[in-house]
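Me: I would like to go through this structure with you in a few careful questions about its voids, helices and loops. Could you set out the terms as they come up?

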Amino acid sequence: MDIKVKEEFVKQALKLHQENPVADAHLDLAGEILLRNMAGEKDVVKNHYLPHFRTAGMNLVLSSVYVENGNLDRAWDNALCQINALKEDVEGLEDVLLIKSKVDLDKALKEDKIGIIIYMEGLDCIGEDIDKLDMLYEMGIRGASLTWSRANALATGCCVASEHRQIPGGLTDAGIKAVKKMEELSMFLDVSHLNDEGFEQLCRITEKSFIATHSGSRRIYDNYRNLTDEQMEALAFQGGIMGMNGCVFLTGSFEGNHLEMLCRHIEYEVEKIGAAHVGYGFDLCDSYDFAKAALSGKKPEKKYDCLLNHSQVPLLSAALLQRGMSSEDVKCIMGGNFINFFRKCL
């Protein structure tokens, strides 16, 4: 049985969400827009996301550009299609602003717009051609993870979320060059999906803060997509933030106790590394999976998101308040930390 959140805490959370910044550090938005476009659908953000974003008081969303295994033979073209699809979908939306700089972020916050930062979930699309990072930056891409849950020319990913195994292998020479190039461009580095060897190696070579956009605590639920205590501490030492993933495979909430497990992860992370290094990075994938299924004429067999959609994000904040977390810590976690990070790195 999941947490029953009392109305007084829901009201308190909704007030916090409307008066303070709220961020989600990982959403496969660009890919979903492309899938829905291919099925003949337009205005994806307007029709599927804006009302939920507004209910949650969202101010910042990180849209990943993720190339699926079946598109790796044309990874660069697929990535560009996703980027263009996202840009075209939000063009003309008064409530939405693409974020490329600190000035853009400040504008979004001041005018209560929903800022979207585009980043690469894996750099399979560049191969070993590090110069393509310049091209991505010119397109407005402001960060990247080296790889998804697979090996590529730069690094080795950990297992996919539904598996419990560790894939061996560290950063390649090209991967090390990519890290240096990203730091030179002030592109943020995401370590979610990186395997343990790569994480350890990255800590030795990076000179700037990095983040885990959508990872939980491996101590709370043993999955290699989650971070160990040592990795959490290393990330915090570098000034980074970890965004709490909302997938049942990472929370371990297979019995439907979604809020409880999300809270347990976040509370443990706060205990180990402090509230200043924890945020939301939900990776809500059901809508993406529905879009993919609709394109192929099928229905997804299961739903893996701990939250129905972004309109339920205040419920998590309310649950944290109800369990005794201070409103100041909740404000940091629900958006303040990631906002501060991007105001420094952009």
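Reply: Contact here means heavy atoms within 4.5 Å. The model is predicted, so local features need pLDDT of at least 70 and side-chain atom pairs count only at pLDDT 80 or more, while totals for chains, interfaces and linings use all residues. Residues are numbered from 1 along each chain as its sequence is written, and side-chain values use heavy atoms, with hydrogens and water left out.

Me: Which residues does A212 touch, not counting residues up to four places away in sequence?
Reply: A212 lies in the loop between helix 8 and helix 9 (229–237), where helices (H or I, at least four residues) and strands (E, at least two) are DSSP runs numbered from the N terminus. At 0% relative accessibility, A212 counts as buried, a term that means under 20% relative accessible area, with exposed over 50% and partly exposed in between (1.4 Å probe, protein chains only). Once residues up to four places away in sequence are set aside, the residues that A212 touches are D190, V191, S192, L227, L235, I241, M242 and G243.

Me: Is N195 buried or exposed?
Reply: N195 sits in the loop between strand 6 (188–190) and helix 8 (196–205). Leaving aside neighbours within four places in sequence, N195 is in contact with T156, G157, C158, Q166, I167, P168 and G169. Because its relative accessible area is 1%, N195 is buried.

Me: What volume does the largest pocket have?
Reply: On a 1 Å grid over the protein atoms alone, a cavity is a set of points where a 1.4 Å probe fits but cannot get out, whereas a pocket is an open set with protein on both sides within 12 Å along at least five of seven lines, and lining residues have an atom within 4 Å of a point. Grid points are joined across faces, edges and corners, and a volume is the space filled by probe spheres set on the points. On these terms the volume of the largest pocket is about 780 Å³.

Me: Which helix gives the most to the lining of the largest pocket?
Reply: The largest pocket is lined by 27 residues, of which Y66, W148, C285, D289 and Y304 lie nearest its centre. The elements that give two or more residues to this lining are helix 10 (248–251) and helix 12 (286–296). With 4 residues, the element that gives the most to the lining of the largest pocket is helix 12.

Me: Which residues line the second largest cavity?
Reply: A search of the whole structure finds 2 cavities of 30 Å³ or more, and about 50 Å³ of space lies in the largest cavity. Of the 13 residues that line the largest cavity, the closest to its centre are V191, L194, Y224, N226 and L227. The second largest cavity has a volume of about 40 Å³, and its lining consists of L146, T147, L189, D190, V191, L194 and L202.

Me: Where does helix 3 bend?
Reply: The expected span of a helix is 1.5 Å times one less than its number of residues, so the 13 residues of helix 3 (residues 44–56) should span 18 Å, which agrees with end C-alpha atoms 18 Å apart. In helix 3, V44, V45, Y49, L50, F53 and A56 are buried. The bend at a residue is the angle between axes fitted to the seven residues ending there and the seven starting there; in helix 3 this angle is about 45°, a proline, P51, follows within four residues, and the bend is at L50.
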